[in-house]
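Morning, everyone. Let me put the structure up, and then I'll walk through it.

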Amino acid sequence: MMKIRIIKRPPLPGWAKVVIPIIAIVVTLMLAAIPILIAKGNLWKSYYYLFYGALGTRFNILETFVKSSPLIFTGLAVAFAFRAKFWNIGAEGQLLAGAIAATWIGISMPGVPSYILLPLILVGGFIAGGAWAAVPAILKTKLKADDVVTTLLLNYVMIHTMGALLFGPLQQPGSSWPRSPEIVAAAKYPILFARSRFHLGIPLSLAAVLIFWFINKKTILGYQTKAVGVNIRAARFGGINTTAVILETALLSGGLAGLAGVGEVCGIQYHLLMDISPGYGYSGIVIAMLGNLHPVGVFFSALFFSIIIVGAQTMSRITGVPTYIADVIQGMALIIMLIAILFTEYKVRMVKK
Amino acid sequence: MIRQILEISFITGLLGATLRMATPIIYATLGEIIIERAGVLNLGIEGTMLMGAMTGFLVTITSGSLWLGILMAALVGMLLSLLMAFLAVYLGLSQHVSGLGITLFATGLAMFIYRLYFGSPTVPPTIKPFKPIAIPLLSKIPVIGPSFFNQYTLTYISWLLIPIIAILLYKTNMGLKIRTVGENPFAADTVGVNVNRTRTLSLITGGALMGIGGAFLTIANGNMFLSDVVGGRGWVSIAMVIFGNWDPLKGAAGALLFGFLDGLQLRLQGLGFKIPFHVFLLIPYLLTIIALISVSRKAAYPSALLKPYRREEKGG
């Protein structure tokens with residue numbers, strides 16, 4: 001009988017960290033052929049329109065960047081939390097918290113100029129997301145409540161809170177749909193490229209990548225979150241206030257997710273809607289893992305997934321393969337990346353028993 | 001007089017709804033208990049349930065057989081668990097991330113296959129679901145009869161599964177193996193128990209139950225597939241495993257608690273309060289979190305949970 005043996009290997013050189021995710025992406029795209037063929041899609045046509053839809057025209061490229069912005073934010077949010085082994089699976093709920101805050105501020109302050117209103121909305125959205133993430137962090141550190149379960153369940157609490165608001169105080173007067181009034185013009189992100197939806201949120205997400213990188217490399221908090229993630233007991237023994245570090249991690253992580261929600265309200269929809277997020281919070285998990293929990297990695301994997309998501313629309317229109325192919329690819333990418341990471345740390349040998 | 005009848009009918013209805021809404025959670029909670037007792041956290045549960053829900057529905061609509069739907073849902077649950085076993089048991093990858101990966105993959109796949117078969121119709125297709133079976137004599141008892149003994153066959157089966165799985169875990173050799181593998185895999189290995197195979201078997205058994213739990217939502221208590229048909233019930237089940245301290249009986253009690261909250265919010269919605277119905281929808285999730293918090297301090301996790309077993313990394 002054959003048996004799998006897993007043996008630790010000496011650490012791979014630095015370039016492997018770049019090459020491995022690329023291999024994972026290539027393998028994922030190859031495996032995506034299976035669902036495409038099952039959907040009776042022509043393989044080459046499907047791949048062609050997948051990339052044409054995302055990168056084929058000026059508008060498509062800009063649209064891919066538009067899509068990447070919330071993914072970068074949620075990817076960074078998850079990456080920052082996972083580095084500290086704070087299992088924040090609640091980016092979706094934190095995103096919604098940010099979107100609700102942005103809407104609330106955006107409809108209730110007419111006459112306030114943009115240069116005051118936008119910073120206010122950004123801070124409000126950040127705090128709302130951060131506060132919502134602080135709840136499971138406090139429950140974890142003070143009451144030992146499992147963070148995976150609480151963050152996941154709080155997503156549903158937030159979805160229904162948003163539903164209650166959209167059928168209640170935030171509902172557009174005279175409407176029976178769950179939809180808020182339009183935010184005031186001063187609350188809208190400026191569009192940076194004519195004839196596109198390329199809004200302020202995209203450079204903001206790029207700035208977040210740099211800030212994340214800076215926090216990781218150059219600040220005490222960056223060092224502490226990593227220490228807590230590697231070995232919480234050793235960190236505590238070494239004099240780190242682990243409770244405070246987890247709480248600060250949660251605030252930052254949730255805040256970043258909140259900014260994803262702000263961008264969707266102020267940059268794209270201008271209203272709050274029930275389907276303001278098609279699961280960006282969950283995509284953030286895949287993006288964080290594919291990006292090796294590194295900010296630059298998160299940026300590139302967010303870009304990859306926005307290519308898939310945007311491209312899948314065109315591909316679906318032309319070949320009839322359902323757009324959910326993008327979700328299947330995301331799931332496959334996460335699983336394959338996990339296996340790929342394993343190969344960087346271990347050798348897998350088949351041995352005869 | 002009329003008020004009294006109304007109240008009794010309210011209670012009967014609430015009890016009936018409690019037991020119905022608890023059924024999928026009982027299946028999934030029992031499944032997760034078997035798996036976690038063997039030392040594996042299966043966060044693939046939510047996606048596995050959704051695939052079960054979709055498969056049960058699809059097979060029923062194409063074959064016309066509800067029981068074939070249940071069977072295939074169980075089979076799909078087992079297949080997804082096999083993938084989980086490959087990743088988290090044999091390759092020893094992070095159980096957290098493997099499970100989430102399976103949930104994301106299975107969720108995407110369920111929606112993909114559904115769209116492939118049905119396109120995006122304006123009115124979702126429906127099937128003729130299971131009918132409740134009234135048990136002769138017992139169903140005639142006032143209040144308890146119509147609520148307890150006029151349920152779906154799958155619900156009755158879930159009640160039988162509670163003692164069966166308790167006996168399996170506590171009274172059989174297999175159960176002893178599962179618990180030892182989850183508490184001390186090194187000791188289990190020393191006495192000749194195949195750790196990885198035991199974990200895989202637990203995963204497959206649990207996965208079948210999760211698949212059935214999902215299918216209950218589309219072909220028994222419901223007659224159509226919607227993307228949010230599972231709606232976090234998998235995560236609720238994970239909370240109930242902790243709430244029930246990894247015990248089938250207490251876990252099922254937790255499932256009944258959620259069923260009660262879910263049934264209550266449905267009934268309250270029907271009373272015509274002037275509050276958005278989403279307020280009622282969030283109650284079960286909120287109270288599940290509170291239930292989880294109430295036991296978290298003394299939760300006794302299986303010692304080897306989250307730890308892959310590698311012979312050469314003793315004590316790691």
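Among contacts in chain B between residues at least 6 apart in sequence, what percentage join residues at least 24 apart? It is 78%. Two residues are in contact here if their C-beta atoms, placed from the backbone, lie within 7 Å.

Some ground rules. This is a predicted model, where local features need pLDDT of at least 70, side-chain atom pairs count only at pLDDT 80 or more, and totals for chains, interfaces and linings use all residues. Residues are numbered from 1 along each chain as its sequence is written, and chains are lettered from A and ligands numbered from 1 in the order in which they are written.

Stay with chain B. Its secondary structure comes to 12 helices and two strands. These are DSSP runs numbered from the N terminus: helices are H or I with at least four residues, strands are E with at least two. From the N terminus, the order is α-α-α-α-β-α-β-α-α-α-α-α-α-α. The radius of gyration of chain B is 20 Å, close to the 20 Å that the globule rule gives for 316 residues, so chain B is as compact as a globular protein of that length. That radius is taken over C-alpha atoms, and the rule is 2.2 Å times the number of residues to the power 0.38. Along its principal axes, the C-alpha trace of chain B spans about 70 × 45 × 40 Å.

Now burial. A residue is buried if 20 or more other C-beta atoms lie within 10 Å of its own, exposed if 12 or fewer, and partly exposed in between, with C-beta atoms placed from the backbone. In chain B, 52% of the 316 residues are buried. In helix α4(B), 19 of the 24 residues are buried, so this helix is largely enclosed by the rest of the structure. Just after α4(B), B:Gly119 takes a positive phi of about 65°.

Over to chain A, helix α8, residues 201-218. Its buried residues include A:Gly201, A:Ser205 and A:Phe212. Seen down the axis of α8(A), the buried residues fall within an arc of 105°, so they line one face. The arc is that of the directions from the helix axis to the C-beta atoms. The face turned away carries exposed residues, among them A:Leu210 and A:Lys217. What covers the buried residues of α8(A) includes α4, α11 and α13 of chain A.

Last, the interface. 41 residues of chain A are in contact with 39 residues of chain B. The elements giving two or more residues to the chain A side are β1, α6, α7, α12 and α14 of chain A.
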